[in-house]
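Here is a short report on one protein model.

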Amino acid sequence: RDRMTASVSLPLEQYSLLKEASAPPQAVAYTVSSIACEGVVKGETAELTLTVRLLSFSERVVEVPLFNESLLVVGFTITPPSGSGSNSGKAHCLRCANGHLNALVDGRGEFVVEVQAALPLTLKPHTSFSLATPKAVTTKFKLRIPGEGYDVKIGSKGVPVTAGDDEHTTVDVALPTTTQLAVQWSKATQAKEAAGDESATAASRLIQPERIVASQFVLYNVGETHLMMQASVRYLLENASRKELRLLVPPELRVVSVFAEALHEWKLLDSATPHATPHAALHATPHANGGGKIVPGSEAPAAANAKTAGTNGEAALGATDSKAAAPKVLHLVFDYNITERTVVTVQGEADLPAARPADDAKDAKGGARDGKGGAAPPLHVPFLRTLGTNRERGQVAVEGVANAEVQEAQVDGLQPIDPKELPPEMQSTVSSPLLSYKYLDPRGLHLSLRVTKHEDTEVLVTAIDEGHFETTVAQEGKVLTRCLLKVRNTQRQFLRLALPEGATIWSTLVGNAAIKPGVDPSGQYMIALRQSGAKQPDEEFIVELLYLTETSRVASLAGASLAGMSGATPP
């Protein structure tokens with residue numbers, strides 16, 4: 001009796017394993033013992049007779065998936081188990097469901113399903129057909145193909161064939177367990193010719209000239225003090241592979257970061273002379289007929305003593321005077337040879353031109369005033385340039401992210417386009433483009449902008465629309481005051497309150513949420529505010545404050561005062 005009532009403690013994992021081991025095995029509803037596929041090729045169709053032997057272990061209706069739904073069924077028969085009257089009066093049929101041709105059998109025993117069907121052939125690159133089959137213990141396949149001299153493959157392996165007296169090629173094999181019957185055949189001479197053609201194609205690829213095409217998608221953001229650039233350079237390599245790529249960087253542009261798949265490192269190299277590059281760039285000169293002739297670009301070969309300015313972008317670009325400073329060469333090294341396609345993303349920045357004194361503003365041509373009387377010279381937008389490419393094209397978008405007015409001053413080599421013509425990947429990153437361009441030849445590109453900086457104007461960021469005070473006075477001289485404020489807030493972090501001397505805060509609620517107020521060095525109480533949100537700036541919420549004071553005069557029932565909102569600044 002003691003043993004029957006005793007308990008044993010086991011870890012949960014061991015208990016789960018024991019429970020799983022003691023569970024009875026799941027019942028198997030059916031099994032497919034054999035499949036026999038016999039057919040003949042007639043024209044562009046394979047006429048097949050498919051015989052499936054399956055064994056059902058259930059007294060109920062069992063649905064067995066047989067073949068894919070694309071099979072054109074001409075007729076079928078389902079033979080129930082023989083020598084038993086248990087299947088009398090029961091119906092057996094085929095039906096299409098979930099992309100398969102299924103057999104519905106009712107009762108126990110061995111059923112024989114025979115399907116007469118036609119299957120269209122695929123004629124290119126080889127004559128073939130494919131058929132999904134159930135997994136069976138044994139699979140036999142027999143096919144007669146009109147003509148002689150065929151090589152036949154089932155899957156990826158060749159199978160033996162025999163030539164009959166009726167000028168047919170016959171395949172009769174037993175196959176391992178499979179769920180896909182893929183058969184293809186071709187003339188033996190055609191196979192050899194195809195192998196020769198592939199070798200000739202590979203050889204022709206070796207003698208074709210290399211071609212590298214670059215496409216740039218550049219976004220410029222004009223801020224208060226800087227011009228931010230993000231360029232996505234897409235390379236298309238035809239019959240070429242590169243482990244290193246180069247771009248020409250204007251001297252006024254500071255490269256901040258470079259991203260690319262399998263990028264090992266990137267360096268900025270100095271040029272010995274202005275406009276010198278390590279390699280002569282090739283670009284396509286468009287013609288009227290739409291073709292392109294490869295001609296050398298305007299860059300001259302670099303001097304042999306080009307030296308490394310820094311590694312991974314840590315070195316500065318030098319002087320910002322484009323007349324005296326030479327452009328840089330951005331050298332990209334990859335982990336392996338790049339073939340076909342790759343994308344390089346370059347992020348950089350440049351300083352906006354400083355404003356001239358107000359006295360010189362009268363002589364400034366093309367400049368823009370900065371809101372204080374001075375005039376800033378035009379902003380020359382820096383463009384990246386790919387080196388060693390046969391052709392380069394691109395699209396450019398300019399947007400302003402600060403309180404600055406951006407206008408076009410001078411444009412060369414760029415064609416204005418509608419912002420809707422920008423590719424989807426640029427439209428997803430650009431919120432409100434001010435200017436949009438495209439170019440088909442990078443030589444002679446020039447874009448100058450007039451940037452007018454305007455002074456910021458103070459706006460109302462927090463407003464208290466209503467205030468209600470309720471004061472309760474006790475006989476012993478204690479005063480309990482409940483203050484309710486209707487507040488709209490978009491940016492302010494805290495609301496500062498100056499309470500009567502000696503006041504004790506009992507509770508503080510902001511939008512029905514209890515918070516703990518703080519105290520600044522001046523003694524004002526700081527209540528953290530929630531924000532109404534940019535989408536609903538007029539949304540109001542309630543700030544509730546309950547505090548206790550002691551007084552002997554009824555005249556000071558509501559002695560709390562709100563601090564001036566102009567002095568409340570977020571820390």
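How does D465 count by relative accessibility: buried, partly exposed or exposed? D465 counts as partly exposed, at 36% relative accessibility. Here buried means under 20% relative accessible area, exposed means over 50%, and partly exposed lies in between (1.4 Å probe, protein chains only).

## Basis of the model

This is a predicted model, in which local features need pLDDT of at least 70, side-chain atom pairs count only at pLDDT 80 or more, and totals for chains, interfaces and linings use all residues. Residues are numbered from 1 along each chain as its sequence is written, and side-chain values use heavy atoms, with hydrogens and water left out.

## Overall make-up

The protein has four helices and 42 strands. Both are DSSP runs numbered from the N terminus: helices are H or I with at least four residues, strands are E with at least two. Of the 571 residues, 37% are buried.

Contact means heavy atoms within 4.5 Å. Among contacts with a separation of 6 or more, 75% join residues 24 or more positions apart. The accessible surface comes to about 33100 Å², and carbon and sulfur atoms hold 51% of it. Accessible areas come from the Shrake-Rupley method with a 1.4 Å probe; for residues, only the protein chains shown count as cover.

## Nonpolar cores

A nonpolar core is a set of buried Ala, Val, Leu, Ile, Met, Phe, Trp, Tyr and Cys residues joined through side-chain atoms within 4.5 Å. The largest one has 44 residues. Y220, Y235, V258, L330, L332 and L449 have the most contacts inside it. Strand β16 (residues 226-249) supplies the largest share of this core, 10 residues. A second, separate core has 41 residues, including L50, L71, I145 and L181. In soluble globular proteins, nonpolar side chains tend to be buried together.

S232 lies in strand β16. S232 is buried, with a relative accessible area of 17%. Beyond its neighbours within four places, S232 contacts S215, Q216, F217, V343, V344 and T345.

## Strand pairing

Two strands pair if DSSP finds at least two bridges between them. V473 stands opposite V479 in β35.

Elsewhere, β14 (residues 180-187) has two antiparallel links. Six bridges join β14 to β8 (residues 127-132), and five join β14 to β10 (residues 150-154). Which residue of β14 is the bridge partner of F129? That partner is V183. V183 is also the bridge partner of I154.

## Salt bridges

A salt bridge is a side-chain nitrogen of Lys or Arg within 4 Å of a carboxyl oxygen of Asp or Glu. By this rule the count is 15. R488 and D465 form one of them, at 2.9 Å from N to O. This pair links distant parts of the chain: R488 is in β35 and D465 in β34, 23 residues apart. R488 is partly exposed, at 23% relative accessibility.

R482 and E544 also meet in a salt bridge, at 2.9 Å from N to O. R482 lies in β35 and E544 in β41 (residues 541-550), so the pair ties together parts 62 residues apart in sequence. R482 counts as partly exposed at 29%, whereas E544 counts as buried at 18%. D520 and R496 form another salt bridge, at 3.2 Å from N to O. D520 sits in the loop between β39 (518-519) and β40 (525-528), and R496 in strand β36 (residues 494-498). Both D520 and R496 are buried. R254, E349 and D351 are linked in a network of salt bridges.

## A nonpolar surface patch

V8, L10, L12, Y15 and L18 form a nonpolar patch on the surface, with about 560 Å² of accessible area together. Patches are made of residues with over 30% relative accessible area and no salt bridge; like charges are joined within 9 Å, and nonpolar side chains (Val, Leu, Ile, Met, Phe, Trp, Tyr) within 5 Å. L12 lies in helix α2 (residues 12-22). L12 counts as exposed, at 65% relative accessibility.
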